[in-house]
Amino acid sequence: MSYEYDSQNIFAKILRGEIPNKTVLETEHSLAFEDIQPQAPVHVLVIPKGPYVSYDHFALDASDAEIVDFTRAVGEVCKISGVQPSAGGNGFRAIANTGEAGVQEVPHLHVHILGGRVLGRMISKG
Ligand code: AMP
């Protein structure tokens with residue numbers, strides 16, 4: 001089955017400049033911005049500019065240049081946000097919710113970078 005990208009999703013609109021965002025970082029192939037409903041003191045979303053529904057879609061179909069750019073953007077966001085343990089930060093969690101079981105709300109790949117407090121267990125039990 002192929003991936004079907006909905007060009008009307010909210011992150012596509014952000015990328016087209018149709019709705020505002022609080023940009024943390026912009027690169028050739030990626031954009032990072034503050035989550036509108038932060039669940040931790042640091043809550044940044046990193047998205048590719050290309051039309052990828054999910055992490056698996058991106059990992060399988062994106063170009064090497066897009067993948068390198070996106071991966072480096074995640075690293076830069078960790079650096080900018082001050083969550084890197086190697087630089088005195090307290091650590092972070094990177095999450096890419098995918099599909100129904102992953103409870104993905106926006107069908108454009110986004111990696112949540114969460115930090116600034118102890119985040120608890122990785123997933124709730126049950
Ligand atoms: P997910 O459940 O992984 O799809 O998460 C989608 C995330 O997008 C949620 O954390 C929302 O708070 C966030 N979100 C939705 N709309 C916006 C927006 N306009 N700007 C920034 N973040 C948003």
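## Ground rules

A residue is called buried here when its relative accessible area is under 20%, exposed when that is over 50%, and partly exposed in between (1.4 Å probe, protein chains only). By that cut-off, phenylalanine 11 and phenylalanine 33 are both buried.

The model is a predicted one: local features need pLDDT of at least 70, side-chain atom pairs count only at pLDDT 80 or more, and totals for chains, interfaces and linings use all residues. Numbering runs from 1 along each chain as its sequence is written, and side-chain values use heavy atoms, with hydrogens and water left out.

## Aromatic pairs

Rings of Phe, Tyr and Trp (its six-membered ring) pair if their centres lie within 6.5 Å; planes under 30 degrees apart are stacked, over 60 edge-to-face, and the rest tilted. That rule gives three aromatic pairs. For phenylalanine 11 and phenylalanine 33, the ring centres sit 5.4 Å apart with the planes at 75°, so this pair is edge-to-face. Phenylalanine 11 belongs to helix H1 (residues 10–15) and phenylalanine 33 to strand S2, so the pair ties together parts 22 residues apart in sequence. Helices (H or I, at least four residues) and strands (E, at least two) are DSSP runs, numbered from the N terminus.

Elsewhere, Tyr52, Phe58 and Phe70 make up one aromatic cluster.

## Helix H3

Phe70 is also one of the buried residues of H3, along with Glu66, Asp69, Ala73, Val74, Val77, Cys78 and Ser81. Their cover includes helix H2 (55–61) and strands S1 (23–26), S2 (30–34), S3 (42–48), S4 (92–95) and S5 (111–115), where contact means heavy atoms within 4.5 Å.

H3 itself (residues 64–81) has 18 residues and reaches 26 Å from first C-alpha to last, close to the 26 Å expected at 1.5 Å a residue; the expected span is 1.5 Å times one less than the number of residues. After H3 comes glycine 82, with a positive phi near 75°.

## Around the ligand

How many residues surround the ligand? There are 15, and the closest are Asp35, Asn97, Glu105, His110 and His112; the cut-off is a heavy atom within 4 Å. A polar side-chain atom of asparagine 97 is 2.9 Å from a ligand oxygen, and a polar backbone atom of glutamate 105 is 2.6 Å from an oxygen atom of the ligand. The protein covers 88% of the 510 Å² of accessible area that the ligand has on its own (Shrake-Rupley method, 1.4 Å probe).

Histidine 112 sits in strand S5 and, at 11% relative accessibility, counts as buried. Residues it touches include Asp35, Arg93 and Asn97, leaving aside those up to four places away in sequence.

Methods. Polar contact = N/O pair within 3.5 Å; in protein donor to acceptor, adjacent residues only side chain to side chain.
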